[in-house]
Amino acid sequence: MAKFRLFFQKRDLYTIMSIMLVCLMIIFVNGVNKYKTAADEYTAVVTVDNKIIAKIPLNNYSSDKVVDISLKKYGVDIVLRLQNSHIQFISSDCPDKVCINAGILKKENDMAVCLPNKTSVVIYKTEEANKLE
């Protein structure tokens, strides 16, 4: 009788299992790194007419407490809301409301701009925000 040959030999299975193990390790390491960056501290930088008027550390507002900030003293009729480590435009006197529709800003490089009022909010990592003048 003819000898039955397996589709894979033992060494083929070992090679495939080794490759799969390496791939799983890479996926695991990338997943862990994503969680490390999620814990980074972020700062919202608010500018009016190309002047930085506030640097707001978002991690200080991580509770359910809501803080509304009015920018009227800087000559613009805008209200920003801080809550749960994010910031957003709540109201603006601009006609198109693009800044309000930008929604919640909470990750690095998120931004919202109100062009008629020359106002912007950009999220930076805290160490990068501290370098800005």
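This is a short tour of one predicted protein model, stop by stop. The model being predicted, local features are described only at pLDDT of at least 70 and side-chain atom pairs only at pLDDT 80 or more, while totals for chains, interfaces and linings use all residues. Residues are numbered from 1 along each chain as its sequence is written, and side-chain values use heavy atoms, with hydrogens and water left out.

**The whole chain**

Select the protein chain and colour it by secondary structure. The chain has three helices and seven strands. Here helices (H or I, at least four residues) and strands (E, at least two) are DSSP runs, numbered from the N terminus. Followed from the N terminus, the order of elements is α-β-β-β-β-β-α-β-β-α. Of the 133 residues, 26% are buried. Buried means under 20% relative accessible area, exposed means over 50%, and partly exposed lies in between (1.4 Å probe, protein chains only).

Next, select β1 (residues 42–48), β2 (51–57), β6 (111–114) and β7 (119–125). They form an open sheet in the order β2-β1-β7-β6, with antiparallel pairing. Which strands stand at the edges? They are β2 and β6; each has a single partner strand, so one side of each has no neighbour in the sheet. On average, neighbouring strands of this sheet are turned by 20 degrees against each other, direction ignored; the axes behind such angles are lines fitted to C-alpha atoms, for helices over the stretch in contact, and angles run from 0 to 180 degrees between N-to-C directions. Two strands count as paired if DSSP finds at least two bridges between them. In general, strands of a sheet pair through backbone hydrogen bonds, either parallel or antiparallel.

**Strand β7 and its partners**

Keep β7 selected. Seven bridges pair it with β1 in the antiparallel sense.

Now select V121, which lies in strand β7. Is V121 buried or exposed? Its relative accessibility is 1%, so V121 counts as buried. V121 and T43 are 78 residues apart along the chain, and their C-alpha atoms are separated by 10.0 Å.

Most residues other than glycine have a negative phi. Select N50, in the loop between β1 and β2, where phi is positive, near 60 degrees. N50 has 78% relative accessibility and therefore counts as exposed.

Move to S85, in the loop between β4 and β5. Its phi is also positive, near 60 degrees, but S85 is partly exposed, at 25% relative accessible area.

Finish at the hairpin of β6 and β7, which has four residues between the strands. There K118 takes a positive phi near 55 degrees. L115 is found in the loop between these strands and is exposed, with a relative accessible area of 70%.
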